[in-house]
Amino acid sequence: MKKLITKKDFILLILVLIVGVAGIFLVNSANKGTMAEIKVDGETVETISLDGEYLEKEIGGVTVCRENGEVYVKEAVCPDKVCVRSGRISKAGEGIICAPNRVAVEIGGKNENQLDALTG
Amino acid sequence: MVWNNGGDSVKKSKNIVPFLAIILVVVIFTVSFFSSMTSDAEASNFAMGSPVHIKVYGERNGDDFCSNAFERISFIDRAYLSHTIATSAVSTLNRDGKLVSDKWFADYLNECMNLAEKSDCFTLFSGEMKKLWKIEDGGYVPTNEEIAKSLENLENSSLKIDSNSISINNGLLDLGALGKGTACDEAINYLKKQNVENALVTVGGSVGAIGKEPYKIGIRNPFGTQNDYFAVLGVTDCFVSTSGDYEKYFEKDGIRYSHIFDAKTGKPVQNDVTSVTVVADNGTLSDFLSTAIFCEGIESGIALADEFDAEVIIVKKDKSVLVSEELKDKLTINDDNFSLSVIE
């Protein structure tokens, strides 16, 4: 009697599983990255990599800077300067918001300890 | 014959494996297809001068639900609550002194008036104090005479609602202390009507949550920046609001003046509290309570929360944290500088 499952069949099964699992990872990896998105009214208007030389971008009254793998708001045309006081961000899920100018800077991707929401 | 039969069975068993492989491929593709159809959706935008964030989990039309929920919030802002848009109900009332409104706004104002009556420190007419103290224009500390005059005006301020006819007497209406919670109510109501089971809506410091599993809701560190939180609250099917003196304020001569006013003194709130988080089953209520408790201070603030069966997390300026008994197991402090004690 031959075996019910031959070595070749086994390899085929493993290959199918690998393709399937790889597919799932491919879909999920779309969420990861080391990019900062600058949004106006919720729409992404500029995406910058966290890596690279010092960079300054003025968007909608807000001056966003990239320096040493972090981004921060250097200046903003607004009364409260909450965004300027927000400091530097670099971790996935972090963000800086300038409500008066309707500008948001967000680091894309997900991390394990990420919150679902923030109150304050 | 016996050998042949054996051959057949071997053949058969050999044919099953590729067949299994095909089934497996089909299953994997079907699963990924359906999981792509029911995916998580989110939308970020701005309304009421605050960031709005909406997440809808595991729905086929998640993107549409998100944008419709945002549109509802934006509408509430434009049509009723905004004090920057000249055609809103609040702007019209403050300018003309009267308004014939629709049922929604008349009912809502009634609800706001009933809430405001519960606290002497809270007022719906903070508009004039905010103007006097130039809260949105860099800040100004008025003279004692100016403060006394604005207090006198405040005492004479009133609102009359006669079915859909609303009139205002002597004062500037400002619903900023409740509006963001109301926005959460409206968005969550819309999502519930669409049979959405898992969703989170954030408008400024207010959060509305529906879902099977508790969400991780961070509570801002009053001494840190926009992304810092000192604790995580694990809750669902509720509304959470926070009021504090750390985001919108101005400083003069070393004194910090917050944007939240005490209607009894006519001045920005000055006490030993720096932030108040409230968990309630209604967004307008949680937003009202967080502001009112911040104004009232610890003792009468906690009594006010009890009156509404709401739960609180109060952070004092010395980094000690008071938490309601019902919330203590749902709250995880992640910053050692804060010390927790349970409210008896």
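This is a predicted model: local features need pLDDT of at least 70, side-chain atom pairs count only at pLDDT 80 or more; totals for chains, interfaces and linings use all residues.
## Aromatic pairs overall

Across all chains, a search of the whole structure finds 12 aromatic pairs. Among the aromatic residues of chain B, one cluster is formed by B:Phe75, B:Tyr80, B:Trp104, B:Phe105 and B:Tyr108.

## The pair B:Phe122 and B:Phe288

The ring centres of B:Phe122 and B:Phe288 lie 4.8 Å apart with the planes at 80 degrees, and because planes over 60 degrees apart count as edge-to-face, the pair is assigned to that class. This pair links distant parts of the chain, since B:Phe122 belongs to the loop between helix H4 (103-116) and helix H5 (127-132) of chain B, while B:Phe288 belongs to helix H8 (residues 283-296) of chain B, 166 residues apart. Both B:Phe122 and B:Phe288 are buried.

## The pair B:Phe223 and B:Phe338

For B:Phe223 and B:Phe338 the ring centres are 6.1 Å apart and the planes stand at 40 degrees, so this pair is tilted. B:Phe223 is located in the loop between strand E8 (215-220) and strand E9 (229-235) of chain B, and B:Phe338 in the loop between strand E18 (331-333) and strand E19 (339-342) of chain B, so the pair ties together parts 115 residues apart in sequence.

B:Phe223 is partly exposed, its relative accessible area being 39%, whereas B:Phe338, with a relative accessible area of 7%, is buried.

## A lysine over both rings

The charged end of B:Lys319 sits over the ring of B:Phe223, at 4.8 Å from the ring centre, and that charged end also sits over the ring of B:Phe338, at 5.9 Å from its centre.

How values were computed: Residues are numbered from 1 along each chain as its sequence is written. Chains are lettered from A and ligands numbered from 1 in the order in which they are written. Side-chain values use heavy atoms; hydrogens and water are left out. Rings of Phe, Tyr and Trp (its six-membered ring) pair if their centres lie within 6.5 Å; planes under 30 degrees apart count as stacked, over 60 as edge-to-face and the rest as tilted. Helices (H or I, at least four residues) and strands (E, at least two) are DSSP runs, numbered from the N terminus. Buried means under 20% relative accessible area, exposed over 50%, partly exposed in between (1.4 Å probe, protein chains only). A charge sits over a ring if NZ of Lys or CZ of Arg is within 6 Å of the ring centre and within 35 degrees of the ring normal.
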